[in-house]
Amino acid sequence: MSTTTPQPGTSDSSPTGNSTSDNATTGNTTTPGSPPTPGSTPTPGSTPTRPSRLTGTISTARTLATAARVLRQLRHDPRSIALMVLVPCVMLVLLRYVFDGSPRTFDSIGASLLGIFPLITMFLVTSIATLRERTSGTLERLLALPLGKGDLIAGYALAFGLLAVIQSTLATGLAVWALGLDVVGSPWLLLLVALLDALLGTALGLFVSAFAASEFQAVQFMPAVIFPQLLLCGLFTPRSAMHPVLEAISDVLPMSYAVDGMNQVLRHTDITGDFVRDTLIVATCALVVLALGAATLPRRTP
């Protein structure tokens, strides 16, 4: 029986039959203190930060950056600014002189329309502007960055919310001090409701933009979303005088509480419990719709 003697300069084979280590075979050999190679597994301390869309948090810096970008774009779009800021004022002036022979009629419906006009204009501009971002591919490029859906929606809401403040301030000041709208309560409460209505219109516009494939479709959502609320909000007839089914439907529509809040300021000198209820409902609806808009925001343009 013969034995095999290892030759000089050779090493014994390993139990697996491989004379070299796995690191040498794969080319991922690292030395202490050297950075990991591209194919190596990162160490626990080198895990990259996940984008906010994966963690569910909203970054203040990203939200402010998004709002600043939207405002820069709107600065170069004077038609949209005119639609948001000037059109409600023009409509109020037109309405005042339509009822020139009956000032009490303007007092009775002017406060309600002061909340409805900002809601409609903000709905239109916000839905079209957001859809334009998506169809142009800008939205997809933004979501490819460490930018979550919540950051994007919050940034848009902040930018359009600042314009809503300007719009509501101008419209309220024009109606009360220039057009002679007679309100029993404080004009500042009237401004608060108008601002909440404008923010609700912004939230609704951001929400419906996720379901439209073109700007024409975004405009088509207006009869489906705005017109039923306009008919059932109590502007043309008290909601209690409607058919019971329609009255029940109007009880769940946010515009009904926007009009009720305006009427509370129109008739009462102090803040009433109904006014607090109406403003809280409008504000809550705006926040809920914004959350739904972030959840339904599509990743890709169809």
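This is a predicted model: local features need pLDDT of at least 70, side-chain atom pairs count only at pLDDT 80 or more; totals for chains, interfaces and linings use all residues.

Modeller: The protein chain has 14 helices and zero strands, and 44% of its 302 residues are buried. Of the contacts with a separation of 6 or more, 77% join residues 24 or more positions apart. The accessible surface of the chain is about 16500 Å², with 64% of that belonging to carbon and sulfur atoms.

Now to your part. Side chains of opposite charge can pair when their charged atoms come close. The whole structure holds five salt bridges, and I would start with Arg 239, Asp 251 and Asp 260, which are linked in a network. In one of its bridges, Arg 239 meets Asp 251 at 2.6 Å, N to O. Arg 239 belongs to the loop between helix H11 (227-232) and helix H12 (244-250), while Asp 251 belongs to the loop between H12 and H13, so this pair ties together parts 12 residues apart in sequence. Arg 239 also forms a salt bridge with Asp 260, where the closest N and O atoms are 2.7 Å apart. Here the link runs between distant parts of the chain, from the loop between H11 and H12 to helix H13, with 21 residues separating Arg 239 and Asp 260.

How covered are these three residues? Arg 239 has 14% relative accessibility, and because the cut-off for buried is under 20%, Arg 239 counts as buried. Asp 260 is buried as well, at 16%, whereas Asp 251 is partly exposed at 34%.

Asn 263 is buried, with a relative accessible area of 11%. Leaving aside residues up to four places away in sequence, Asn 263 touches Ser 108 and Ser 112.

Another salt bridge joins Arg 277 and Asp 274, with the closest N and O atoms 4.0 Å apart. Both residues lie in helix H14 (residues 273-296), three residues apart, or about one turn of the helix. Arg 277 is partly exposed at 37%, and Asp 274 is partly exposed at 36%.

Turning to the rings, the structure holds two aromatic pairs. The centres of Tyr 156 and Phe 160 are 6.3 Å apart and their planes meet at 20°, so this pair is stacked. Tyr 156 and Phe 160 both sit in helix H8, four residues apart. Tyr 156 is buried at 3% relative accessibility, and Phe 160 is buried at 0%. For Phe 207 and Phe 211, the centres are 5.2 Å apart and the planes are at 70°, so that pair is edge-to-face. Phe 207 is partly exposed at 23%, as is Phe 211 at 46%.

Finally, the surface patch: Leu 64, Leu 71, Leu 158 and Leu 162 form a nonpolar patch with about 320 Å² of accessible area together. Helix H3 (60-75) and helix H8 (149-178) each give two or more residues to the patch. Leu 158, in helix H8, is partly exposed, with a relative accessible area of 35%.

Technical notes. Residues are numbered from 1 along each chain as its sequence is written. Side-chain values use heavy atoms; hydrogens and water are left out. Patches are made of residues with over 30% relative accessible area and no salt bridge: like charges are joined within 9 Å, nonpolar side chains (Val, Leu, Ile, Met, Phe, Trp, Tyr) within 5 Å. Accessible areas come from the Shrake-Rupley method with a 1.4 Å probe; for residues, only the protein chains shown count as cover. A salt bridge is a side-chain nitrogen of Lys or Arg within 4 Å of a carboxyl oxygen of Asp or Glu. Buried means under 20% relative accessible area, exposed over 50%, partly exposed in between (1.4 Å probe, protein chains only). Rings of Phe, Tyr and Trp (its six-membered ring) pair if their centres lie within 6.5 Å; planes under 30 degrees apart count as stacked, over 60 as edge-to-face and the rest as tilted. Contact means heavy atoms within 4.5 Å.
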